[in-house]
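Work through the exercises below with the sequence and the model open. Each task is followed by a solution in steps.

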Amino acid sequence: MITAVSTSRAEVIKWMEDFVNEKMSEFLKTVEDSWQPADLLPDATLDNFFDELKDLRERARDLSYDLLAVLVGDTITEEALPTYESWLMTIDGLPQDPNGPWMRWNRAWTAEENRHGDALNRYLYLSGRINMREMEASTQYLIADGFDLQTDNDPYRAFVYTSFQETATNISHRRVAQIAKKQGDNMLAKLCGHVAADEARHAKAYKAFVGKIFEADPSEMMLAFEDMMRKKIVMPAHYMRELGVDLGKTFGHFTDAAQRINVYTSSDYTDILDGLIKEWRIEALTGLNEAGERARDYVVALPARLKRVADRMKVPSLEYKFRWID
């Protein structure tokens, strides 16, 4: 155990290597044990492919407009994976040893996440309801435009972000799966359920990383948590845009659609924060300096404040015609 006094972030991250190595098999699956997109979608090598494709397209015809819009936005988000992997590589103090646990984690996490965009993209292509060129242009935009998650290349802030974001992604994919099932598309429901399960494991991993940091450097970790919540957690696709549409507008309409069908709402944001406070036992933290105590007080009081705001918010009713959907 290292002391919390004047501990540098690089020392803490280095100290965590054994923990990350031990937890790798709990938080990630081997390639041999993983599902692949081909397991969940019609197989073009089989004689019944066109029959299965016809059934898929018939089911997709009944999916609501808002559900399709959210599904496309989720797919674009997943397919911007190169940005997220490169972002993790820029975190200060993260050891760059290719055979070390942190780099093995980054590669294996990326490999699992890569399947999500492949599976969702393939489904949307086969559905016949999406203008794929428009969607692909949005994906290229998102990767080219990059993003600013306001983590300042800091591992503590970065892992607060990923803890929050992976939890939010789990909620979104899980809710899409539930709605797809209600609308009669069990194939899409199963696909999104598999993606959601991966996201749940990844969320547990990043939450465990933060929990370990709290053991070694509680005050600095608490200050990083507070800072991220003051800035607010922005979604990785906040720069999402369509061809001919100004930066920022598409993402706003996407989040409106998600709120209308209850895929991800302002109340979910508050619930995630409340869950992180409980997960990391923030109210019972000891060893905090004066600044850390103030940060804890701010974070603990925040869910109640956010809930009051969320209760006053109206579900957006303005419908928008996305270029992605024919």
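Two residues are in contact, or touch, when heavy atoms of theirs lie within 4.5 Å. This is a predicted model, in which local features need pLDDT of at least 70, side-chain atom pairs count only at pLDDT 80 or more, and totals for chains, interfaces and linings use all residues. Residues are numbered from 1 along each chain as its sequence is written, and side-chain values use heavy atoms, with hydrogens and water left out.

**Exercise 1.** Find which residues G117 touches, not counting residues up to four places away in sequence.

Solution. Start with the place of G117, which is helix α7, residues 101–127. Helices here are DSSP runs of H or I with at least four residues, strands are runs of E with at least two, and both are numbered from the N terminus. Next, list the contacts: G117 touches T75, E78 and E79. Then take the pair G117 and E78: they are 39 residues apart in sequence, yet their C-alpha atoms are 4.9 Å apart in space.

**Exercise 2.** Describe the protein chain as a whole: which elements does it have, and what is its radius of gyration?

Solution. Count the elements: there are 14 helices and zero strands. For the radius of gyration, taken over C-alpha atoms, the globule rule is 2.2 Å times the number of residues to the power 0.38. A compact globule of 326 residues would have a value near 20 Å, so the 21 Å of the protein chain agrees with the rule. Finally, 54% of the 326 residues count as buried.

**Exercise 3.** State where pLDDT stays under 50.

Solution. pLDDT is the predictor's confidence in each residue, from 0 to 100. The protein chain averages 94, and 98% of the residues score at least 70. The stretch with pLDDT under 50 is residues 1–6, for which the model has 13 contacts beyond four places in sequence.

Definitions and conventions
Buried < 20%, exposed > 50% of the residue type's maximum accessible area, 1.4 Å probe, protein only.
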